[in-house]
Amino acid sequence: TSGPGMALKTEMMGLASIAEIPLVIVDVQRGGPSTGLPTKPEQSDLFMAAFSAHGDVLRPVLAPTSVADTFGVTVEAFNLAEQFQTPVIVLSDQEIAQRKETVEPIDTGRFTVIERRVPNAAELVDYQRYRLTEDGVSPISHPGMAGGNYQGAGIEHNERANPTASGRIHQQMNDKRFKKFDALLRRRDLYEQLGPDDAPLGLVAWGSVAGVCREAWALARAEGLHAKLLIPRLLYPVSEEVYAGFFRAVRGGLVVELSYQGQLYRLLRMAVDVPPGVQRFCRSGANPITPREVLHRLRDLSVSLQQPAQSAAPEV
């Protein structure tokens with residue numbers, strides 16, 4: 001779908017979250033809001049992907065950076081949906097979806113396929129679909145499995161899937177639904193970094209704009225600028241550890257996005273201590289960002305970092 005189609009199905013995403021149903025949604029972003037710019041790319045559905053659904057929900061949001069990358073990211077989305085029994089959203093955009101790109105043959109053998117956790121014979125004796133487990137993931141049966149029947153409604157439930165209005169159980173189930181993503185936040189393979197850890201200039205870019213920033217980073221490196229680039233394929237939930245490590249040495253930088261607000265920049269500000277020298281570089285869809293523009297911004301930041309700090313005027 002695209003943004004308008006996903007907006008119409010927000011209630012179903014909330015249902016899949018509380019019922020813990022594996023589900024993958026691919027949103028090919030275009031200019032919005034509403035009918036917006038149907039034929040132009042934009043990266044402005046990130047807030048909707050992360051937050052659409054009332055109540056407290058947490059769902060993984062992934063983004064490919066190229067046509068070839070879309071295959072691997074989609075496999076990863078299905079793996080996460082099965083592993084964590086959750087909706088997963090893949091945020092592509094029109095710049096990727098309608099591009100012609102020559103790619104190498106895909107070696108499907110290098111991908112691992114993760115299956116959902118199903119109940120064993122002992123667990124089916126007294127089946128508890130939403131059993132509270134150490135990692136937050138409960139065994140999920142499939143239709144026709146003897147002893148595996150359960151209710152899959154959108155109302156809050158206890159471990160046996162029976163409806164409840166208990167505040168205590170609601171708290172337990174919220175804990176469960178959030179705790180299961182702790183393992184996801186520890187993964188480092190969903191992020192790509194170019195450049196040394198100690199670089200004082202930092203770039204963050206996602207989706208189709210990541211390709212722009214790869215080229216800008218290469219140009220900056222050729223000019224001798226000490227810069228690094230972080231490309232997250234997992235946009236949400238935000239890994240505080242990954243970004244804290246990336247920003248540790250950064251004194252100036254850019255979060256580059258094709259959206260009016262700079263939505264990833266704002267998400268990062270919610271979750272991590274973004275250095276004061278890191279700025280948004282964003283604009284509305286249909287206005288492409290070029291590598292040379294990013295390079296020019298990096299040059300300016302590099303010059304500003306070399307300026308001596310202004311000392312306070314002495315008191316009289």
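Predicted model: local features only at pLDDT ≥ 70, side-chain atom pairs only at ≥ 80, totals over all residues.

Me: Which residues do ring pairs link into a cluster?

Reply: Residues are numbered from 1 along each chain as its sequence is written, and side-chain values use heavy atoms, leaving out hydrogens and water. Rings of Phe, Tyr and Trp (its six-membered ring) pair if their centres lie within 6.5 Å; planes under 30 degrees apart count as stacked, over 60 as edge-to-face and the rest as tilted. The cluster linked by ring pairs consists of Y191, Y243, F246 and F247.

Me: The charged end of which residue sits over the ring of F246?

Reply: A charge sits over a ring if NZ of Lys or CZ of Arg is within 6 Å of the ring centre and within 35 degrees of the ring normal. At 4.6 Å from the centre of the F246 ring, the residue is K228.

Me: Why is the pair of Y127 and Y150 edge-to-face?

Reply: The ring centres of Y127 and Y150 are 6.3 Å apart. R129 also lies over the face of Y150, at 5.5 Å from the ring centre. The pair is edge-to-face because the planes of Y127 and Y150 are at 70°.

Me: Is Y127 buried or exposed?

Reply: Buried means under 20% relative accessible area, exposed over 50%, and partly exposed in between (1.4 Å probe, protein chains only). Y150 has 30%, so Y150 is partly exposed. With a relative accessible area of 9%, Y127 is buried.
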